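Have the sequence and the model open while you read.

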Amino acid sequence: MSEAKVDKLVKQALREYRESYYEKSLITSRIALNSATAIKENALISRAYTIIAANYNELIEVDKAIFFYQKSLIYANKTDNDSIKYNIYNNLGNMYCFEKKQFDIGIHYYKKSIAYGLKINDPSQVYFTNVNIAWAYFDVGNFKEGYPYLKFITTNSEKYGGDSTTVIVQMLNGMYSSYQNEDDAANTYFTNAIAAGETTDEKSDLSYAHLEYSKFLTKIKRYKEAYENLTKYNRITEELYNLEKIKKASTAGFNLELDEYKRQLDKIESEKISQYQSLKKSRIIVILFILISLILLFLIVTLIKNIRFKKKHNLELVKAKEIAEEASLLKTQFISTISHELRTPLYGVVGITNMLLEEHKELSRSQHLSSLKFSARYLLSLVNDILQINKIEENKVVLENLTFNISDEITMIKNSLSFLSQKNNNKINVYIDPEIPEYLIGDKLRLAQILMNLVSNALKFTKDGEVDIKVNVSRVDGKNYYLDFLIKDNGVGIAIVDQGKIFEKFVQVGRKDEDYQGTGLGLSIVKRLLGLFGSTITLESDLGQGTSFSFVIPFEHDPERTKRIIDEIEVDLTSNEVYKILIVEDNLINQLVTKKIIEKNNYICKVVDDGFGALKILEKEYFDLILMDINMPLMNGFETTKRIRLNGIKTPIVALTAFDKDEITDEAISSGINDIIIKPFEPVKLFKIINYLIQEAKNAG
């Protein structure tokens, strides 16, 4: 076959591909490939492979598409045709960035494509590749590397992009403005992108604009609008993958997986022609050919049905996966925000309570203030466990070993719940086995959380009655005392049919709107916390007779270890030196609390409201250590720390934050932060870290 005829076949295959006749395009391109190979025309071989790859891309066979693009590149590199090389490198960039999510490889191919685009002097194609590179960098959050490409496409948008890239260019500017915390500008860019997208036929660009706008709105806590834009994204995506698209993709399942069968068919056809000529249309050969053809046809039909079924369900899974990932992201962001917003005021409550107790010694015996302090700490623990219940279920919560007196802990719980007992006119009776040692070692905070949940439940569901708290020694095994806890009331009781489900999350049995408050998480948390202790809970209850919960937990009794723990807690934090501390914090109450804690240890302390204030004061004054809040307006703690380090300042920096430590550790380390303390915190822990970091810095200097 002549070169002109092969070129005609390649163009026909390309036309069929553009008209979505993928089955015909694959067959035509295969014929063109075989013919081009026969005449050893590398440029035509490369073009045929490119069309085959493009068909597989449309059929969502990404790995096969990449394979054939790579084959095409091999033959393109044997020619001087730079236009073909530009297209192949650009397509490989698309595959790796937007299909495989392997951005480093994809961006490498894009940059190679730009080099050939400049070589053939095609600025329009270079412009579109720059759009893809900026988008790829932004997708992985690498805004610094992507910004030069964004600047180029923004400057040349009208000249080379036109209406076809308006939506994406506006969206990318919105993403960069969001990264720069320029929220007003970001909002304007995103709304412009969406407005432009609604006037074009390219709905995929509009869907991406809604998705990125949803992420931005979530960041600035406009959750309702974020959800609305996420819904629009899902709707448009669903429209793009409508039944017509699935039908086309399914029909086009007649692809090169059948190539082996087609080669066999070609071979048989060739043999048939040869034998037909030699045996003058032998009847036997005709019959054999028909039989083999029928078998192949049967196999082809079977494969097409399987491919149709696979494509349909794969597309459904892809859409479901995308929706689930977006929902999971919004949920994670919501939980993170709630966690931060709850811990911040609790820091103020705990800190101010400590200040009152320390500055007014006459209040130290006040049950009210002691109960307030205990309740705030309990609430903090409860908030943490509710927001991280998945960690409890996955056994990621580690029990602590603290020394405590069981009688003191239960008395504190009783006092903290006195208001609830008075509300329902209940009496709390406490019995502590005298055989229990004065000091035990274990996780007293988790124990208090278990008892608080059970006792508060008993008080809520009992009126004009009594609640008993009994603790007995069940047995002694070496240093371990196994304590048997019993929480009993004479309240409304629990029906037998409900007893099996009360430990499930968010379950509240027999509740009316005007009745008992709560989340339905208390008993679920109790069950999971007891699991950490290696214990289980037993329930006995009758309607109208009351309810009792019992469980056994082992605690260690070791006087020598108890003394060591107490010595560690009561460490002498005084120093002959007076350290100078800088507090970077925007919350006025938290400024007051932290400043009081620092000055109580005879340190010099200065406070600034934001990151810019920190940079300014550090130009003039020296500090031994910096306490840095993370969530601040204008410039957050990570960015502030980076700029401090860029200025050559090596002063130790401790993040003092309400964020969960696991969420920020990686970013904190990369920005130059030395340690992290989660608010609220024990002052003794803060001063240990301060002293250690200051001494370490001096030794290093």
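Start with a charge over a ring. Lys24 lies over the face of Tyr21, 5.2 Å from the ring centre. This is a predicted model. Arg475 also takes part in such a contact: Arg475 lies over the face of Tyr482, at 3.8 Å from the ring centre.

**Salt bridges**

Arg475 has a charged partner too. Asp477 forms a salt bridge with Arg475, and their closest N and O atoms are 4.0 Å apart. Asp477 is partly exposed, at 42% relative accessibility. Arg475 is partly exposed as well, with a relative accessible area of 43%.

Side chains of opposite charge can pair when their charged atoms come close. The count for this model comes to 16 salt bridges. One of them joins Arg47 and Asp7, at 2.8 Å from N to O. This pair links distant parts of the chain: Arg47 is in helix α3 and Asp7 is in helix α1, 40 residues apart. Arg47 is partly exposed, at 27% relative accessibility. Asp7, at 19%, is buried, because the limit for buried is under 20%. Asp7, Lys11 and Arg47 are linked in a network of salt bridges.

Glu621 forms a salt bridge with Lys580, with the closest N and O atoms 2.8 Å apart. Glu621 lies in the loop between α26 (611-618) and β10, while Lys580 lies in strand β8 (residues 580-584), so the pair ties together parts that are 41 residues apart in sequence. Glu621 counts as partly exposed, at 23% relative accessibility.

| Salt bridge | Closest N to O distance |
|---|---|
| Asp477 and Arg475 | 4.0 Å |
| Glu621 and Lys580 | 2.8 Å |

**Aromatic pairs**

Now the rings. The model has 27 aromatic pairs. In one of them, the rings of Tyr49 and Tyr75 have their centres 6.0 Å apart and their planes at 25 degrees, so this pair is stacked. Tyr49 lies in helix α3 (residues 42-58) and Tyr75 in helix α4 (residues 62-76), so the contact ties together parts that are 26 residues apart in sequence. Tyr49 is buried, with a relative accessible area of 10%. Tyr75 counts as partly exposed, at 21% relative accessibility.

Tyr96 and Tyr109 make another stacked pair, because their ring centres are 5.7 Å apart and their planes are at 20 degrees. This pair also links distant parts of the chain. Tyr96 is in helix α5 (residues 82-99) and Tyr109 is in helix α6 (residues 103-119), 13 residues apart. Tyr96 is buried, at 12% relative accessibility. Tyr109 is buried too, at 12%.

Ring pairs also build a cluster. Its members are Tyr49, Tyr56, Phe67, Phe68 and Tyr75.

**Nonpolar core and nonpolar patch**

In soluble globular proteins, nonpolar side chains tend to be buried together. The largest nonpolar core here has 41 residues. Ile450, Leu454, Phe485, Phe549, Phe551, Ile553 and Phe555 touch the most other members. At least two residues of this core come from each of α19 (406-416), α21 (444-460), β4 (466-477), β5 (480-489), α23 (522-532) and β7 (546-556). The largest share, 9 residues, comes from α21.

Other nonpolar residues sit on the surface. Ile284, Val286, Ile287, Leu288, Ile290, Leu291, Ile292, Leu294, Leu297 and Val301 form a nonpolar patch there, with about 850 Å² of accessible area together. Val286, one of these, is found in helix α16 (residues 283-359). Val286 is partly exposed, with a relative accessible area of 35%.

**Loop residues**

Which residue in the loop between α1 (3-18) and α2 (22-39) deserves a look? Ser20 lies there. Ser20 has a positive phi of about 70 degrees although it is not a glycine. Ser20 is partly exposed, at 21% relative accessibility.

Lys40 lies in the loop between α2 and α3. Lys40 also has a positive phi, about 60 degrees, and is not a glycine. At 70% relative accessibility, Lys40 counts as exposed.

Met635 is in the loop between β10 (625-628) and α27 (637-646). Met635 is buried, with a relative accessible area of 3%. Met635 and Asp610 are 25 residues apart in sequence, and their C-alpha atoms are 7.2 Å apart in space.

Methods. Residues are numbered from 1 along each chain as its sequence is written. This is a predicted model: local features need pLDDT of at least 70, side-chain atom pairs count only at pLDDT 80 or more; totals for chains, interfaces and linings use all residues. Side-chain values use heavy atoms; hydrogens and water are left out. Rings of Phe, Tyr and Trp (its six-membered ring) pair if their centres lie within 6.5 Å; planes under 30 degrees apart count as stacked, over 60 as edge-to-face and the rest as tilted. Helices (H or I, at least four residues) and strands (E, at least two) are DSSP runs, numbered from the N terminus. Buried means under 20% relative accessible area, exposed over 50%, partly exposed in between (1.4 Å probe, protein chains only). A charge sits over a ring if NZ of Lys or CZ of Arg is within 6 Å of the ring centre and within 35 degrees of the ring normal. Patches are made of residues with over 30% relative accessible area and no salt bridge: like charges are joined within 9 Å, nonpolar side chains (Val, Leu, Ile, Met, Phe, Trp, Tyr) within 5 Å. Accessible areas come from the Shrake-Rupley method with a 1.4 Å probe; for residues, only the protein chains shown count as cover. A salt bridge is a side-chain nitrogen of Lys or Arg within 4 Å of a carboxyl oxygen of Asp or Glu. A nonpolar core is a set of buried Ala, Val, Leu, Ile, Met, Phe, Trp, Tyr and Cys residues joined through side-chain atoms within 4.5 Å.
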